[in-house]
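Q: Here is a model I would like to learn to read. Can we go through it feature by feature?

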Amino acid sequence: MTQDLDALAGRVSAARDAVARRGETFYPGPSRVHLAAFPPKERWADWVELDSKAWPRRREHRYTLVPTTCFNCESACGLLAYVDRETLQVRKFEGNPEHPGSRGRNCAKGPATLNQVTDPDRILYPLKRAGRRGEGRWVQVGWDQALDDIAARLRAAIVEGRGNEIVCHLGRPGEDGFTERVLASWGVDGHNSHTNVCSSAGRAGWHYWTGIDRPSADFANAKVIWLLSSHLETGHYFNPHAQRIMDARARGATLIVVDTRLSNTATHADHWLSPRPGSEAAIHLAVANHLIQTGRYNADFVRRWWNWEQYLLACHPDREPTFEAFQDVLRGLYAEYTFEFAAAESGLDAARLRTVAEVVAGAGTRFASHAWRSAAAANLGGWQVSRTLVLLNALLGAVATEGGTFPGAWNKFVPRPIHTPPHPGTWNEVNWPQEYPLAMNEMSFLLPHMLREGRGPLDVYFTRVYNPVWTNPDGFSWIETLLDEEQVRCHVALTPTWSETAFFADYVLPMGHGPERHDLHSYEQYDGQWIAFRQPVLRTARERAGAAVTDTRQANPGQVWEENEFWIELSWRIDPDGALGIRRHHESRRTPGTRLTVEEYYAHIFEHSVPGLPERAAAEGLSPLAYMRRYGAFEIRSGVGAVHEQPVPVAECQDLHVDPAGRAFTRAPRPESSNIVPVGDPPGDAAGRRPVGVEVDGELLRGFPTPSGRLEFYSPTLADWGWPEYALPTYIRSHVHPSRLAPDEMVLLSTFRLPTQIHTRSANSKWLDEIAHTNPVWIHPEDAGRLRVGAGDLVRVETEIGHFVAKAWVTEGIRPGVVACSHHMGRWKPSGQPDGQNQMMRPVSLEREADRWRLRPAGTVGPYASADPDTARIWWTDVGVHQNLVFPVHPDPVSGMHCWHQAVRVRPAEPGDAFGDIAVDQERARAVHRRWLALARPAETVSPDGTRRPRWLLRPLKPTVEAYRLPTATRSRTG
Amino acid sequence: MSGTASRGELWRALGAICDQAAPHPLLPAALGLPPADPAAHTELFVLQLVPYASAYLSADGMLGGEPADRVAGLWRVLGMVPPAEPDHLASLLGLYGGLVDAGADPALGEAAGAVLVRARASVLWEHLLPWAPAYLCRVAELGGAAHQRWAALLWRALQAEVTAVAAPPEPPPAVREAPPALGAEPDPRRVLAGVLAPGRSGVILTRADLARGAATLGLGLRLGERRYALQALLDQDPVATIGWLAAEAGRFAARLARSGRARPAPGRFWVARARATQARLLALAVAAGAGADAALPGPGRAG
């Protein structure tokens, strides 16, 4: 009998191998270990489901399932579009089980993509303004007219040497590096990301330590998880993280959440710490001090990988440069950060902090930590919040370990594209002003102030899936700037849906939602590398049905386009004969002299730049492009491991020179890599060799992409560029520190997200709107009692520049002395504007009197007739308040990050106040800007080498070395 | 345990059959099973005999609870994340298959090998054998041809393991700490509630059984969950219904004993429980004033 069963098992194994070789599914999920309800991939081309509404009749729906990538947040989760084979319409979106990051799971925003596609209010045709800018009169134009007009402007600016008047301001990231390469092909330094209102400060903390600006926490294998706020884990883009955190918790991991607010994440925590806002770094340092004083840090890791020797030489030249001496110094460095000190700063109990520190001390190398925006994005010096969190990982040796946190770039793969234009030879002073030489990203939120000060104008300003009027602080300054046709001569809004910013555009050009465009993505979500392919699903469905589609507009609704084809076409029209040298970067290699198609673009990448993909595709008898069109994702590697510990190959050791600190340099050329993920670019040696590794215990290892090749506990960059007091991880008191608040002021937390909305783009998702549509002000019962407000009462929240009127929500989910109001809400459209979104945008009046602006609600949302019968069922009227309008700009002088927290006064609304009212004094807004600007230490003062910025630091669209030089007049002052 | 190097695949495949209404066609073919109608799969594994250990071992006959927690605990002890439904038969067979494969690794050290042996014995004796034999007995009765053959094959495979894998010294917790048998409660309703919990009664009564009972007794069947349907039968003719239930208990005990599925120790527990239930129901019928109807099959006579 046993032999019989073994033979049977052998037959099953053989059948399984045969099925796998055909790219089919033998077990849908390994024996229920994973989700098992996905359609087997071999049936994706013709998937049959029964119509539940037709029951008990058996009515079949036949679908072709097309994978794509969600566009609603940055996680790039996989979606499967169920395209009806009869009507060629998308019926629903579910998860793509072949996606290594999201593993078939989605948050609510993924399936709600369907709402965005079928939104009755969406923009379907190119529009050009017909009246004054902002007047709300539009005329439909053809793509040719729009392209020719914009291309002529761009060409003139480029030819006339006014390339710095071209700026493209990006919201939701598209394909990694695509827009940068378009601008590089134009020779323009015009890339302007939104990152300085987003994650710059969080990135800075990582970048100074590791040379890489994002963390990749191996949550699933962690023993202890430390989350700073809930931003990534249950708020904004969270699905791939949350599912792995839950895996870890199911395995018994301990979850520590530091969040002033009782967030979704905090409700899952084993230890929830609700500190005073801005005190987070003090908590980190108290835990670090505990590890140091009790000797429970990973001394061997610190000895091998920290740049302690460099620190001793720079700051303690009197000490012997030995590790023992460093340990001695280290014991004193953080001694003042006791639990009692952290308790006094944070308002938490010292014993509680000690308990948590003990948990951390027991984590060993399985300590996964994450900080992205939250406190880092909210406080003056917030970049030290993430830097002090990395200190905990670095002390424990939990860097690039199983269950630890990896430098993000090691878990990311950006394939080399078909064309890589050279670095632009110019420096855009509007995006990268001299005042902020260490800014992690463009000073995008200061643009109105820069233009007002005469640093412009902008001839062509693109906002691409971005809504700065609503999203950025100081929105009335944006409105003023966009209304001024001298400051911004042509504003082109590339957007799938109406936004507050699009109302102030000259052209509104409809770009596709996630299932209507191509992009390639890769994100750090575990210790592995994957790519995910966003594709216009109806185009692919038509092609599967045998139709030839040469332009995504042929498959998209109306005249909605995709950006890749748009940028290629626009570039051709700028340089139709190739004389400017632009066209060649958008030209076919297969058929020189013709436009590059998206087919060829991606076929080239998949055939040449993604290791393992051609072989995997061939095993299924597919081309690499066909494979990606079929599965939508590909895992290149899993278990990347500790890259810094990898030995440097002998072939790279040509004319090797190792400096006294162990940094190794070589003359061997950098090996060709198909992965062009950006990392720090440390300088070579004086003899012209490039850095190749670092000598550790006699071994030549790859190390980190920092100048020292090690983890830079001590940052010579910060010390040399004017901030020696911050060269070590330390605690900077926030601009909302109690010592800086008046007795009647409170702290407003304004940045927290809801898992069911995404900035302003999801307002056209009826399912999401029904779930979440308002943002009351969270007030602790103690404060509510003191202020004499009850639940639902109107309150006035006053900032330095104005006030907004909102409803109170009395809850113990927030600390006393702190109030909170969520992101996403308070959407509006100028009353009389015939277009716009109707489910979440209420009409308002915008009134201006000299420097004073007011926004007053002029109606509510409600049911309305449209092509979608559900719009007649809208039951909500309260869509919240647009609080960001009353926030002045707070640029951090080091990271450049806007520091979001606000010191506010809260009191009951006054007679005549209406819910949603907003009033702002622009002169006060400008005064606040000037006050924060005075904190900056400009390059012309602090640059140690006559350049604008340390070249080794990451920078989107890095210009040439020459462009880094400060202008001659300035340089003469700095040497 | 020789000759089991690739046997893990067999367990996974057997699990997939009860898990998937429409498995890949090569899967049942490789097992030598005829293709099954997806509707028959749904009828059997969703509507009649849900393949979860907890449904057959818990005190209330419901899903989840302690039996499911016990299995989840084993996953955790082995350093693995428990699946969403750890006590589903496919999960258990998948886990068992994984342990079989891991145990066959020639590079395995002695200590790790010993752990795997214990884990394998635990899954087999503590999590499969306490309920799978009785469950498969009913599948063989209620399933179509394909699922009958699947049940026979799975039983054969389990029998081979019973021979190969030594039982732990103690009876499994599911037996050791089994919920109480139907007691001498004066309230017939409480007794009848226990009848529908196999862990207490030793009898697996499905919706189809109740429909058959109604037809046999000439009573009306009210559509609804089992308790509701049973109550409706009792409301119409309590004596006849209780008598029929007693007969079902006896019939199942006899069938289980005859099939050989009671030979592994946990199976004997089921037979004993079923006979006790039969006796208790008969006593209840007497107490209700109906007496033991001579026409009712007595213990061991039902078939």
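Q: How exposed is Ala314(A)?
A: Relative accessible area decides: under 20% is buried, over 50% exposed, and partly exposed lies in between (1.4 Å probe, protein chains only). Ala314(A) has 44%, so it is partly exposed. This is a predicted model, where local features need pLDDT of at least 70, side-chain atom pairs count only at pLDDT 80 or more, and totals for chains, interfaces and linings use all residues. Residues are numbered from 1 along each chain as its sequence is written, chains are lettered from A and ligands numbered from 1 in the order written, and side-chain values use heavy atoms, without hydrogens and water.

Q: In which helix does Ala314(A) lie?
A: Helices (H or I, at least four residues) and strands (E, at least two) are DSSP runs, numbered from the N terminus. Ala314(A) belongs to helix H11 of chain A, residues 308-315.

Q: Is Arg120(B) buried or exposed?
A: Arg120(B) is buried, at 5% relative accessibility. It sits in helix H7 (residues 110-128) of chain B.

Q: What does the side chain of Arg120(B) contact?
A: A polar contact is a pair of N or O atoms within 3.5 Å; within protein, one must be able to donate a hydrogen and the other to accept it, and residues adjacent in sequence count only if both atoms are side-chain atoms. Here the partner is the side chain of Tyr96(B), at 3.2 Å.

Q: How many residues of H6(B) are buried?
A: Eleven of its 15 residues are buried, so H6(B) is largely enclosed by the rest of the structure.

Q: What span should H6(B) have?
A: The expected span is 1.5 Å times one less than the number of residues. For the 15 residues of H6(B) that gives 21 Å, and the end C-alpha atoms are 21 Å apart, which agrees.

Q: How is the size of an interface given?
A: Often as the accessible area lost when the parts come together. Buried area is that loss (1.4 Å probe), summed over both parts. Chain B and chain A bury about 2,700 Å², 58% of it on carbon and sulfur atoms. Counting contacts (heavy atoms within 4.5 Å), 38 residues of chain B meet 29 of chain A.

Q: How many salt bridges cross the interface of chain B and chain A?
A: A salt bridge puts a side-chain nitrogen of Lys or Arg within 4 Å of a carboxyl oxygen of Asp or Glu. The rule finds three across this interface. One of them joins Glu9(B) to Arg16(A), with the closest N and O atoms 3.0 Å apart.

Conventions:
Buried area is the accessible area (1.4 Å probe) that two parts lose on being put together, summed over both.
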